[in-house]
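Please keep the sequence and the structure in view while reading.

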Amino acid sequence: MVLFAFMVPRQVDAQETDAQEVDQATQRPNVLFLISDDLNCRLGCYGDPHVKTPNIDRLAARGVRFENGYCQLPHCGPSRNSMLCGLYPDSTGILSNNLIFRQTIPNHVSLSQAFRLSGYFAARIGKLYHYNVPKSIGTDGHDDPASWEMQINPAGCDRLIEQPDIVSLKKGSFGATLSWYASPRSDDQHTDGKIAEEAAWVLERCAKRKDRPFFLAVGFYRPHTPYVAPAEYFEQYDLADMPLVDDVEEDRADVPEAALLSQKAEQDRMSDDQRRHAIQAYYASTTFMDAQVGKVLDALDANGLADNTIVVFTSDHGYHLGAKGLWQKRSLYEESARVPYIVAGPSIGEAGKVAQAPVGLVDLYPTLAEMCQVETPDNLHGQSLTPILDDVQNSGRGYTMSQVYRGPNRQTKKAFQGYSIRTKRYRLTLWEDGKQGTELYDYENDPLEKTNLAFHPDGQELPVGIQQTIDRLSVTLRAEIAKGIPEGGMPPVKDHRWPIMMVNP
């Protein structure tokens, strides 16, 4: 005998439906995305003996710290568009500042836009896409309106009051020039202090909305030039202790000219005293920014949100402080291409551990989307880092790629690019596919990049093992370059006006 059972649907009242929606929302984690500007890995948790960063350090202690995290192009606009689109710069079409991806790939769904489309509340405070710093502070900058439901643009005394007091290597130039000022004003009067205060306010609001998860992006401006911070942070660093690089000429002897084209004349003319002041100001700005990170983390805890919030801390790229005579960014060396990279949260299986696998900022989009069950475009270039977050011994893809654009000038005559592949042990860089020079560094034996193993003066042949390593890595690098260039080539820049669309019609 066969028995049939019939299920009769029961009536569900509105209150029960609301409860189910709240339960479904709280099952998906929130995201707190913290990003600094022009921050290298001179941090306490990365082993720096000078810089004080207790709040970033405590975040690393409860998450996974990636030892080898890299941006895809060490320049603000290209890096941020690449990271927030999950695409290599050749696919975004953005190789320089002052552009937004809507001018090249207008229908692409950005990281936070994907979260919005999945039901998340998405808000931005401060700098996420590119801004002209300091002039655009307090505005939307080169922002993407479709990426956010709420935008907050604080401006503090560093932008509104103190500019006439700032010391600069070039009079009247601040954003792209080494410049600094020890301010007599308190944290809460500065832009980053106001950003932290606004973030705490938004988190308090989010804590009251149990029915909807949030994606809150908080973009701090420091330590981007001008290095302006309250004087108390400068006082934590003795000028005499600031570490100067003293082997510049020797270190550059085996380096191709293309690798050094980010250097600036006014930086070459700096005295040792100016160098110490610049480094002190950079460290002070870093510690000031760290204090604001601490306030946001405290607000996350105070509002009972920490247990269900994934926290990311990173930077758009690294920063030179004198190595090889270089300052600031736009090189393919570790100080410029490497970024702090920390992921913490409720689903991290290896809290307090360090992952050695090389990873890129381009990996954040697929990683966060997978952790939060958010649908993504099919064309993302990054890998999901969830296997590494579960087990820091996991090697992931095994490499990441960065690139730099060199525009035509008196030295180069024509535009070309350098591409660099970073594995756990090696970095291979090809300038115009090797025509403008090749670099190979072995970080097992040369962590400070002092010896370019690809250098062979007077036509000498390289040792067989070195040549084999170059050949092997070149194959992988060229394949990755090809992956990043869409059919038809890099998308062209369209008219600066573009339709603001939440979804593609």
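This is a predicted model: local features need pLDDT of at least 70, side-chain atom pairs count only at pLDDT 80 or more; totals for chains, interfaces and linings use all residues.

- Strand E18 covers residues 416–423, and eight of its eight residues are buried.
- Strands of a sheet pair through backbone hydrogen bonds, in either a parallel or an antiparallel manner.
- Strand E17 (residues 399–406) pairs with E18 in the antiparallel sense, over eight bridges.
- Strand E19 (residues 426–431) is likewise antiparallel to E18, with five bridges.
- A hairpin of two residues connects E18 to E19.
- In a regular strand the side chains alternate between the two faces of the sheet.
- From E18, Phe416, Gly418, Ser420 and Arg422 point one way, while Gln417, Tyr419, Ile421 and Thr423 point the other way. The residues of both sets are all buried.

**Helix H2**

- Helix H2 spans residues 54–61, and its buried residues are Asn55, Ile56, Leu59 and Ala60.
- Seen down the axis of H2, these buried residues fall within an arc of 145 degrees, so they line one face of the helix.
- An α-helix has 3.6 residues a turn, so residues three or four places apart point the same way.
- The exposed residues Pro54 and Ala61 lie on the face of H2 turned away from its buried side.
- Against which elements do the buried residues of H2 pack? They pack against strand E2 (63–66), helix H11 (272–302), strand E10 (309–315) and strand E14 (341–344).

**The sheet E6-E7-E9**

- Three strands, in the order E6-E7-E9, make up an open sheet with mixed pairing.
- Strands E6 (167–168) and E9 (227–230) stand at the edges and have a single partner strand each, so one side of each is left without a neighbour in the sheet.
- Helix H11 packs on this sheet and touches E7 and E9. The direction of H11 makes about 55 degrees with that of E9.
- Strand E7 (residues 179–183) runs parallel to E9, and four bridges join the two.
- Ala182 has Ala229 in E9 as its bridge partner.

**Helix H13**

- Helix H13 (residues 364–371) is mostly covered, as seven of its eight residues are buried.
- Among the buried residues of H13 are Leu364, Tyr365, Leu368 and Met371.
- Just after H13, Gln373 takes a positive phi of about 55 degrees.

Definitions and conventions:
Residues are numbered from 1 along each chain as its sequence is written. Side-chain values use heavy atoms; hydrogens and water are left out. Buried means under 20% relative accessible area, exposed over 50%, partly exposed in between (1.4 Å probe, protein chains only). The arc is that of the directions from the helix axis to the C-beta atoms. Contact means heavy atoms within 4.5 Å. Two strands pair if DSSP finds at least two bridges between them. Axes are lines fitted to C-alpha atoms, for helices over the stretch in contact, and angles run from 0 to 180 degrees between N-to-C directions.
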